[in-house]
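Me: Please take a close look at one part of this model, the aromatic rings and what they pair with. Then carry on to the other local features, in short sentences.

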Amino acid sequence: MTITHLKRGKPQTERAEDDARTRGIVEATLRDIEARGDAAVRELSEKFDGYTPESFRLSQDEIDALIAELSPRELEDIRFAQAQVVKFAEAQRASMTDIEVETLPGVVLGHRNIPVQSVGCYVPGGKFPMVASAHMSVATAKVAGVPRIVACTPPFKGKPNPAVIAAMHFGGAHEIHVLGGIQAVGAMAIGTETIEPVHLLVGPGNAFVAEAKRQLFGRVGIDLFAGPTETMVIADETVDAELCATDLLGQAEHGYNSPAALITNSRRLAEDTLAEVERLLKILPTAETAAASWRDYGEVILCDSHEEMLEVADEMAYEHVQVMTDRDDWYLENMTAYGALFLGPRTNVANGDKVIGTNHTLPTKQAGRYTGGLWVGKFLKTHSYQRITSDAAAAEIGAYGSRLCMLEGFVGHAEQCNIRVRRYGGRDVPYGQAAQSAGPVAAE
């Protein structure tokens, strides 16, 4: 088996240098926000977005005025897309049940799914107003029952984007701030004089937003590392080069550093796709961005077999994986590392991004090896509880616990067990010693 790279992107060493520069900028910026609060946030907004309103938080009157700028068709489309996301999120939420089980007579264990109490949802929008991202984070948090949802999005061409604001409002945001980049993520996590900090950050963003979330993890929770976007096409000769090239460039236009890769077992398809990409870049209105991504981060990988294609795809663990082969279900059954799969030529990533109902905030940079994408469960914490309801169970479990604690040398732990053995089991256990076995104890 051989793997042939007909096109490679930037060497990993150059990408590592880019990442190091980003880390330094983000670290300094977060320190500034923590030290100077609103003043730092205001300066950053002026520097990067040319936007310094009296208040970054929109009032209800401002929200209503922005929504009024949209046409009935635009409003209907936003509501339709959001309804699909909500419908799927509700089905996912219904699959997560609280449980309680009696593992032994008188020993009751359970767990409850409790919403995170405050969430900061970042919705990108500097280059393109990411209306759909509001559905994915804000509306999904609402389905989970989060009681405080804060939403931030940068201004678009100098003002709040009406469609993004409408989606945030319809989705259930309690606070909407027109604020972007590191300053938005930092303000929501660290808190300022006017923004109370949140417990969890979610949402995609550029390399600086993703790095800010990484550095803030621990101070707050984060959903996952999401951004810059990645797309992979796994294809054989059942599809043509135009379809492959269109799906690759459709995601490469996100930004100048959006990886796009074709994995195929057909040299003809690989070479035709390379030529088709060049043809489409001559007519694509967003070609300036897409061409830069394709030049620096595009890859075409030729494999001998589907098994080899699967191996390469799992190792790369890309965010979006478009599968167009004669065995799509085989990939569904066997792939283990990705953000989301898009199966068959009728399916495409753009539908997943905007309207179909699955969440488009997905793991990047090989994070798909250990996590899935954003979903209603990310906004819920599963907490366990225990209850012993009988004297016999308290004595029986206590005796086991006493001996196991002493086995590890934790005498104080053992005494927590021993005192229950004495009180509820009526057994004489010398202080600081392990409880002896009394044999199985019948339930009361």
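Reply: Start with Trp330. Its relative accessible area is 27%, so Trp330 is partly exposed. The model is a predicted one. Tyr331, by contrast, has a relative accessible area of 0%, so this residue is buried.

Now the rings themselves. How many aromatic pairs does the structure hold? There are two. One joins Tyr51 and Phe56, with ring centres 6.4 Å apart. The pairing cut-off is 6.5 Å between centres, so this pair falls within it. The planes of Tyr51 and Phe56 meet at 50 degrees, so the pair is tilted. Tyr51 has 11% relative accessibility and therefore counts as buried. Phe56 has a relative accessible area of 11% and is buried as well. The other pair is Trp330 with Tyr331: their ring centres lie 5.0 Å apart and their planes stand at 90 degrees, so that pair is edge-to-face.

The charged end of Arg79 sits over the ring of Phe170, at 3.8 Å from the ring centre. Arg403 lies over the face of Tyr400. There the distance to the ring centre is 5.0 Å.

Next, the surface. Which residues form a nonpolar patch? They are Leu104, Ile388 and Ile397, and together they have about 220 Å² of accessible area. Ile388 belongs to strand S14, which spans residues 380-388. With 43% relative accessibility, Ile388 counts as partly exposed.

Helix H7 covers residues 181-190. Of its 10 residues, 10 are buried, so H7 is largely enclosed by the rest of the structure. The buried residues in H7 include Ile182, Val185, Met188 and Ile190. Gln183 is buried in H7 too. Gly181 and Gly186 are on that buried list, as are Ala184, Ala187 and Ala189. Just after H7 comes Gly191, with a positive phi of about 90 degrees.

In S10, Ala260, Leu262 and Thr264 point one way. Ala261 and Ile263 point the other way. Residues on either side are buried.

What does S10 pair with? Its partner is strand S9, residues 231-235. The pairing is parallel and runs over five bridges. One of the contacts can be named: Thr231 has Ala260 of S10 as its bridge partner. Ala260 is itself buried.

Terms used: Residues are numbered from 1 along each chain as its sequence is written. This is a predicted model: local features need pLDDT of at least 70, side-chain atom pairs count only at pLDDT 80 or more; totals for chains, interfaces and linings use all residues. Side-chain values use heavy atoms; hydrogens and water are left out. Rings of Phe, Tyr and Trp (its six-membered ring) pair if their centres lie within 6.5 Å; planes under 30 degrees apart count as stacked, over 60 as edge-to-face and the rest as tilted. Buried means under 20% relative accessible area, exposed over 50%, partly exposed in between (1.4 Å probe, protein chains only). A charge sits over a ring if NZ of Lys or CZ of Arg is within 6 Å of the ring centre and within 35 degrees of the ring normal. Patches are made of residues with over 30% relative accessible area and no salt bridge: like charges are joined within 9 Å, nonpolar side chains (Val, Leu, Ile, Met, Phe, Trp, Tyr) within 5 Å. Accessible areas come from the Shrake-Rupley method with a 1.4 Å probe; for residues, only the protein chains shown count as cover. A salt bridge is a side-chain nitrogen of Lys or Arg within 4 Å of a carboxyl oxygen of Asp or Glu. Helices (H or I, at least four residues) and strands (E, at least two) are DSSP runs, numbered from the N terminus. Two strands pair if DSSP finds at least two bridges between them.
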